[in-house]
Amino acid sequence: IEVTAGDRPGLLFDLAHCLQEFGLRISLAKINTEGTLVADVFYVSDMAGGKLIDSQPIEDLRGRLLGAVASW
């Protein structure tokens with residue numbers, strides 16, 4: 001999952017918390033901040049170690065992450 005957004009205090013926490021609440025494990029995170037922009041990449045799996053493949057849960061997660069980015 002790649003998130004590109006304007007940086008703000010607590011953004012990384014909010015994104016990670018959103019992923020955890022959705023029932024995902026972060027196996028690797030690549031965090032990049034350049035000036036006021038972030039480009040964060042999260043390698044995730046479900047709690048059983050599987051991939052997310054169903055389109056509806058992916059769209060639900062996308063909406064939650066967009067909400068996390070927008071909340072300030």
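In the predicted model, a polar atom of the R8 side chain lies 2.6 Å from the backbone oxygen of A68. The model is a prediction in which local features need pLDDT of at least 70 and side-chain atom pairs count only at pLDDT 80 or more, whereas totals for chains, interfaces and linings use all residues. Residues are numbered from 1 along each chain as its sequence is written, and side-chain values use heavy atoms, with hydrogens and water left out.

R8 is located in the loop between β1 (2–6) and α1 (11–21); helices (H or I, at least four residues) and strands (E, at least two) are DSSP runs, numbered from the N terminus. The relative accessible area of R8 is 11%, so this residue is buried (under 20%; exposed means over 50% and partly exposed in between, with a 1.4 Å probe and protein chains only). The side chains of R8 and D14 are joined by a polar contact of 2.8 Å, that is, a pair of N or O atoms within 3.5 Å; within protein, one must be able to donate a hydrogen and the other to accept it, and residues adjacent in sequence count only if both atoms are side-chain atoms. With neighbours within four places in sequence left aside, R8 is in contact (heavy atoms within 4.5 Å) with D14, A68, V69, S71 and W72.

The largest nonpolar core has twelve residues: V3, A5, L11, L15, C18, L19, L24, V38, F42, L61, L65 and A68. Such a core is a set of buried Ala, Val, Leu, Ile, Met, Phe, Trp, Tyr and Cys residues joined through side-chain atoms within 4.5 Å. Two or more residues of this core come from each of β1, α1, β4 and α2, and α1 gives the largest share, four residues. A5 touches L11, T36, L37, V38 and V69, residues up to four places away in sequence not being counted.

The lining of the largest pocket consists of I1, E2, V3, T4, L52, I58, L61, R62, L65, L66 and V69. α2 supplies six of these residues, the largest share. By class, eight lining residues are nonpolar, one is polar and two are charged.

K51 lies in the loop between β4 (37–46) and α2 (55–70). K51 has a relative accessible area of 72% and is therefore exposed.

Terms used
On a 1 Å grid over the protein atoms alone, a cavity is a set of points where a 1.4 Å probe fits but cannot get out, and a pocket is an open set with protein on both sides within 12 Å along at least five of seven lines; lining residues have an atom within 4 Å of a point. Ala, Val, Leu, Ile, Met, Phe, Trp, Tyr, Cys and Pro count as nonpolar, Asp, Glu, Lys and Arg as charged, and the others, Gly among them, as polar.
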